[in-house]
Amino acid sequence: MIAMIHATLKTLSSYLANKTLSSVELTQAFLAQIDQFNSTLNAFIAVDYDKTLLEAKVADKRLAKGDFHPLTGIPIAIKDLFCHQGWKTTCCSTMLKNFISPYDAHVVEQCKKTNMVILGHTNMDEFAMGSSNEYSCYGPVKNPWNTDFTPGGSSGGSAASVAARLTPVALGTDTGGSIRQPASFCGITGLKPTYGLISRYGIIAFASSLDQCGPMAKTAEDCALLLNILAGFDERDSTSLARPFEDYTHHLTDSINGLKIGLPQEYFSEGLDPKVSDLIDKALKALTELGAQIVDINLPNTHLSIPAYYVIAPAEASANLARYDGVRFGHRASHYNDLIDLYEKSRAEGFGQEVKQRILIGTYVLSHGYYEAYYLKAQKVRRLIANDFQAAFEKCDVIATPVTPTAAFRLGERQNDPIKMYLSDIYTISVNLAGLPGISLPVGFINKLPIGMQFIGNYFAESRLLNVAHRLQQATNWHNQQPNL
Amino acid sequence: MLLTDEAILRTAALSRIAINKVECDTLRKHLNQIFELIEQMQSVNTDDIEPMAYSQNIALRVREDRPATPALREDFLALAPQTKNGLFLVPKAID
């Protein structure tokens with residue numbers, strides 16, 4: 001039982017294939033973990049034992065027939081913003097607390113087609129707006145390494161549940177760092193793919209030009225296995241990109257001899273905890289011992305990422321969240337005088353403070369007289385940031401950076417300081433603005449809290465990122481560390 | 001730029017979100033901090049730069065206008081706070 005919950009997807013897959021283990025047994029093991037530890041962590045906000053065990057039984061039938069996928073029968077947790085037919089899909093918002101999705105998101109369909117077993121929905125910041133998981137109507141998730149600290153956000157429930165072995169793998173989304181930052185804070189591996197690689201159909205929208213789904217797991221290899229079923233064209237997402245099928249496990253073990261790793265000076269300057277920098281240096285040393293070369297690069301407009309992001313993301317959010325009006329679905333106030341009053345009270349009661357704040361920023365920057373000064377300006381800055389990356393990739397194959405300036409911070413520490421909270425994502429946001437892939441993986445600890453590092457690749461360079469991360473994980477042991485709960 | 005209470009209230013009204021005095025105070029304080037950060041964008045010249053809406057200049061794809069499986073009408077109506085005769089019910093909007 002103990003070995004089972006720590007095993008990689010590849011190992012679990014082989015156990016299921018050779019009948020050492022059934023999907024029902026495996027699923028029961030993880031449900032028992034949830035039973036034991038979720039009251040401490042608050043990582044899951046919805047679990048349905050009957051539905052989940054039924055899925056496991058169906059997976060076992062498929063396994064018995066012999067016509068199965070490597071992920072058939074493997075349990076998975078999903079962030080509470082993927083529409084999941086027959087399940088409450090709430091985005092951890094009072095606004096959607098009673099919303100039962102009538103359909104499945106594309107990525108949920110993909111999990112179901114494969115007969116993965118959905119364990120339940122994980123906690124998150126409301127509408128994915130947050131970096132600490134404190135903005136959830138279900139209360140904050142606790143970091144499994146130290147429950148006084150945040151697991152990061154917004155995919156904090158997914159990250160904590162993988163780290164605490166409540167699930168072998170999870171789905172998250174990343175709009176400004178929401179997979180990579182919690183992966184770093186919880187000591188797991190998380191991949192934000194190239195924008196357009198995975199369909200956003202059925203993912204409750206935050207900022208449509210930035211949102212991207214991705215895998216969160218213990219290892220890069222596990223991320224690759226899950227990415228294999230997530231990636232692919234879907235006509236229902238108008239920004240989905242048609243690409244030839246790629247097996248993301250194929251290049252995991254390739255040599256990295258001669259690989260050029262770019263180090264952007266701007267990411268290793270003021271504000272970065274020197275202890276984080278030291279751990280990244282050690283990881284880079286391990287990579288150079290495998291033959292990689294370090295080259296200095298510049299990303300000169302990095303400092304403008306957060307200003308541009310906090311115009312673009314709220315602008316898109318204010319438009320996307322306009323649909324929550326108390327008329328067709330979602331919360332409706334019980335007392336109102338007229339239609340406008342119904343809108344205003346329903347939205348006031350349904351949205352939390354951070355969501356309201358971002359809607360107001362978005363409305364302001366899109367309003368008459370400010371559109372050019374803010375929104376258009378931010379889109380131009382976004383172009384400069386994307387151009388910086390393309391210039392950098394002329395000199396290197398991948399870029400190495402910190403994920404966050406510090407280790408996880410204490411719950412409550414930044415709740416009343418939006419700037420300090422937003423700066424948690426200073427090293428991840430530019431990747432979303434440019435639409436590039438990025439991966440976070442653990443490289444050590446500071447005061448018993450995990451620290452991650454990030455590799456950024458050019459468009460559709462997921463295989464390369466997974467290869468570098470896998471080689472590093474073969475040479476180090478940080479990804480095998482687990483919290484004592 | 002310094003946002004006033006009046007600007008906050010106007011923006012909240014445009015956003016169709018009712019806010020009280022305490023919320024207005026907090027929002028004014030936070031939004032002024034955030035806009036101070038946003039103003040840093042003005043430090044760079046972007047005169048000849050093309051705005052970027054999507055990465056890789058993705059153009060939103062349009063699909064062919066063809067008949068498809070109808071939406072789950074009953075399922076969607078069941079999610080609404082109030083319906084009548086298959087329609088979403090709202091307070092009287094026109095006299």
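Author: One point to begin with: this is a predicted model. In the sheet, Pro402(A) stands opposite Met453(A) of S11(A).

Reader: Which strands are those two residues bringing together, and in what sense do S9 and S11 of chain A pair?

Author: Strand S9, residues 398-402 of chain A, pairs with strand S11, residues 449-457 of chain A, in the antiparallel sense, over five bridges.

Reader: What is the order of the strands in the sheet?

Author: The order in chain A is S1-S3-S2-S4-S6-S5-S10-S11-S9-S7-S8, an open sheet of 11 strands with mixed pairing. Strand S1 (44-47) and strand S8 (293-297) of chain A are at the edges with a single partner strand each, so one side of each has no neighbour in the sheet. On average, neighbouring strands are turned by 30 degrees against each other, direction ignored.

Reader: Take S6. Which strands pair with S6(A)?

Author: S4(A), residues 169-173, pairs with S6(A) in the antiparallel sense over five bridges. In that pairing Leu171(A) stands opposite Pro215(A). S5(A), residues 189-192, is also antiparallel to S6(A), over two bridges, and there Gly190(A) stands opposite Met216(A).

Reader: Are the residues of S6(A) buried or exposed?

Author: Five of the five residues of S6(A), 213-217, are buried, so the strand is largely enclosed by the rest of the structure. Both faces are covered: Cys213(A), Pro215(A) and Ala217(A) are buried on one side, Gly214(A) and Met216(A) on the other.

Reader: Now the core. Which residues have the most contacts inside the largest nonpolar core?

Author: Ile76(A), Ala308(A) and Val311(A), in a core of 159 residues. Helix H10(A), residues 305-320, gives the most to this core, with nine residues. As background, nonpolar side chains tend to be buried together in soluble globular proteins.

Reader: What does Ile76(A) touch?

Author: Leaving out residues up to four places away in sequence, Ile76(A) touches Cys111(A), Met116(A), Val117(A), Ile118(A), Leu119(A), Thr167(A), Val169(A), Ala170(A) and Leu171(A).

Reader: Backbone next. Where is there a cis peptide bond?

Author: Between Gly153(A) and Ser154(A), with omega about 10 degrees. Ser154(A) lies in the loop between strand S3 (117-122) and H6 of chain A.

Reader: What about H6(A) itself, is it enclosed or open?

Author: Enclosed, largely: eight of the eight residues of H6(A), 156-163, are buried, so the rest of the structure surrounds it for the most part. Among them are Gly156(A), Ser158(A), Val162(A) and Ala163(A).

Reader: Which residue just after H6(A) has a positive phi?

Author: Arg165(A), at about 60 degrees. Arg165(A) is not a glycine, and its place is in the loop between H6 and S4 of chain A. With 22 C-beta neighbours inside 10 Å, Arg165(A) counts as buried. For context, most residues other than glycine have a negative phi.

Reader: What is the phi of Phe460(A), and where is that residue found?

Author: Phe460(A) has a positive phi of about 65 degrees and is not a glycine either. Phe460(A) is in the loop between S11 and helix H16 (462-475) of chain A. With 18 C-beta neighbours inside 10 Å, Phe460(A) counts as partly exposed.

Reader: Is Ser269(A) buried or exposed?

Author: Exposed, with 11 other C-beta atoms within 10 Å. Ser269(A) is in the loop between strand S7 (260-264) and helix H9 (274-289) of chain A.

Reader: Last topic, the interface. How many residues of chain B are in contact with chain A?

Author: 41 residues of chain B are in contact with 56 residues of chain A. On the chain B side, helix H1 (5-14), helix H2 (21-38) and helix H3 (73-78) are the elements that give two or more residues. H2(B) has the largest share, seven residues. By class, the chain B side has 28 nonpolar, eight polar and five charged residues.

Conventions:
Residues are numbered from 1 along each chain as its sequence is written. Chains are lettered from A and ligands numbered from 1 in the order in which they are written. This is a predicted model: local features need pLDDT of at least 70, side-chain atom pairs count only at pLDDT 80 or more; totals for chains, interfaces and linings use all residues. A residue is buried if 20 or more other C-beta atoms lie within 10 Å of its own, exposed if 12 or fewer, and partly exposed in between; C-beta atoms are placed from the backbone. Helices (H or I, at least four residues) and strands (E, at least two) are DSSP runs, numbered from the N terminus. Two strands pair if DSSP finds at least two bridges between them. A nonpolar core is a set of buried Ala, Val, Leu, Ile, Met, Phe, Trp, Tyr and Cys residues joined through C-beta atoms within 7 Å. Two residues are in contact if their C-beta atoms, placed from the backbone, lie within 7 Å. Axes are lines fitted to C-alpha atoms, for helices over the stretch in contact, and angles run from 0 to 180 degrees between N-to-C directions. Ala, Val, Leu, Ile, Met, Phe, Trp, Tyr, Cys and Pro count as nonpolar, Asp, Glu, Lys and Arg as charged, and the others, Gly among them, as polar.
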